[in-house]
Amino acid sequence: MSPYDSDPTDRLRADPVLAAAADGEDLAVDAALRPKLLDEFIGQERVREQLSVVLQAARKRGSTPDHVLLSGPPGLGKTTLSMIIAAELNAPIRITSGPAIQHAGDLAAILSSLTEGEVLFLDEIHRMSRPAEEMLYMAMEDFRVDVIVGKGPGATAIPLELPPFTLVGATTRAGLLPPPLRDRFGFTGHMEFYAPAELELVVHRSAALLDVEIDPVGAAEIAGRSRGTPRIANRLLRRVRDYAQVRHDGVITKEIAAQALRVYEVDERGLDRLDRAVLTALLKLFGGGPVGLSTLAVAVGEEAETVEEVAEPFLVREGLLARTPRGRIATAAAWRHLGLVPPV
Ligand SMILES: Nc1ncnc2c1ncn2[C@@H]1O[C@H](COP(=O)(O)OP(=O)(O)OP(=O)(O)O)[C@@H](O)[C@H]1O
Ligand SMILES: [Mg+2]
């Protein structure tokens, strides 16, 4: 079983439009579209400015920078930024993730093989095991780990010095990090959703890299449906490019973007099939609510976690759905969005 099996956001990855890696080609393209340096990174002004000071200061001192924590929703550029950090420091990067570290020994093996100045990227750091977390505290603070040799009463701890390294942790759930771990990061960057104008820049940049011709209104059309998320903007761009190439002459205009996204069931506001199914059930079957999460999930034939973690955050953010102690309710905007009349 893969450590990701129980993660409801897998649904997002499995969705043909939104998936992180729909196929091999998409995977390769994803890597090709990642900005490599801080200057190429669009948006996130605050994090970018803060980070650039941290990195420049470290370079000037000729030492490793403080450990960095990047937090924020999926697809906003945490992995991209971690690679940029290594590139800006001219340092090698080692990539691993919380779920891949089951035992403290796994972490000890990684830490003890780091070279001086290396960047260790720990994705989904909130999903690391407790014993590994405790080992990490010491490694972050003192650049030291205790390797336990043997079992039971005869076990001994052998201290091991580590070369100075920079930990870059990424998490979509900063709230789940134990405070002692959170406090050991010298810098935390909170990633925000992107403004439509920033996503337009992302779309133009990616289109140029993919060698696709797109007009500014076409880019705005895609950006407007991308839920403030560059990963989704890139994905929608690729699907629209396919459509433009198969059904038209390959040039992306507003009209072609709109047609293509209708085919992929992404509406003007960026709602996909699941989002619309949830809203439709809430409105048509339950009169707008309140209705319990599990009932709503059964009505759309999905797991409760999928509805809660994949569909709802965006619906809540858009002001279409509210979570109340009595259950989920639709807002007046939800009725309007689906072209229905709210009950009086
Ligand atoms: N600021 C940006 N400018 C241009 N492209 C970006 C930017 N941020 C992210 N992207 C693009 O979006 C894609 C997703 O970014 P990334 O993988 O870094 O997100 P993430 O925050 O690590 O997501 P997850 O939480 O799912 O791991 C990347 O392939 C990259 O091309
Ligand atoms: Mg990532």
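Q: Which residues come nearest to ligand 1?
A: Pro 74, Gly 77, Lys 78, Thr 79 and Thr 80 come nearest, out of 20 residues around ligand 1. A residue is near a molecule if its C-beta atom, placed from the backbone, lies within 6 Å of it. This is a predicted model: local features need pLDDT of at least 70, side-chain atom pairs count only at pLDDT 80 or more, and totals for chains, interfaces and linings use all residues. Residues are numbered from 1 along each chain as its sequence is written, while chains are lettered from A and ligands numbered from 1 in the order in which they are written.

Q: Which elements give two or more residues to that shell?
A: Helix 2 (24-33), helix 4 (78-89) and helix 10 (230-247). Helices (H or I, at least four residues) and strands (E, at least two) are DSSP runs, numbered from the N terminus.

Q: How do the shell residues divide into nonpolar, polar and charged?
A: There are 9 nonpolar, 7 polar and 4 charged. Ala, Val, Leu, Ile, Met, Phe, Trp, Tyr, Cys and Pro count as nonpolar, Asp, Glu, Lys and Arg as charged, and the others, Gly among them, as polar.

Q: Where does ligand 1 lie relative to the domains?
A: Ligand 1 lies between domain 1 (44-190) and domain 2 (196-263), because both give residues to its shell. The C-alpha centres of these two domains lie 36 Å apart. The assignment also gives domain 3 (273-337). Domain bounds come from an automatic or database domain assignment.

Q: What does UniProt place at residues 64-197?
A: The feature "domain: AAA+ ATPase", from an unreviewed entry. UniProt positions are given in the numbering used here, feature names are shortened, and annotations may be inferred rather than shown by experiment. In the model, the span is 30% helix and 27% strand, and its end C-alpha atoms lie 35 Å apart.

Q: Where does UniProt place "binding site"?
A: At Arg 323 and Arg 328, again according to the unreviewed entry. Arg 323 is in strand 8 (residues 321-324). Arg 328 is in strand 9 (residues 327-330).

Q: Is Arg 328 buried or exposed?
A: Arg 328 counts as buried, because it has 25 C-beta neighbours inside 10 Å. Arg 323 has 14, so it counts as partly exposed. Buried means 20 or more other C-beta atoms within 10 Å of the residue's own, exposed means 12 or fewer, and partly exposed is in between, with C-beta atoms placed from the backbone.

Q: What does Arg 323 touch?
A: Val 316 and Arg 328, not counting residues up to four places away in sequence. Contact means C-beta atoms, placed from the backbone, within 7 Å.

Q: Switching topic. Where does Ala 223 lie?
A: In helix 9 (residues 216-224). Ala 223 is buried, because 27 other C-beta atoms lie within 10 Å. Beyond four places in sequence, its contacts are Pro 196, Leu 199, Glu 200, Val 203 and Ala 233.

Q: And Asp 242, which helix?
A: Helix 10. Asp 242 counts as partly exposed, because it has 14 C-beta neighbours inside 10 Å.

Q: What pLDDT does the chain average?
A: It averages 90, and 92% of the residues score at least 70. pLDDT is the predictor's confidence in each residue, from 0 to 100.

Q: Where does pLDDT stay under 50?
A: Over residues 1-22. Where pLDDT is low, the predicted coordinates should not be read in detail.

Key: Contact = placed C-beta atoms within 7 Å.
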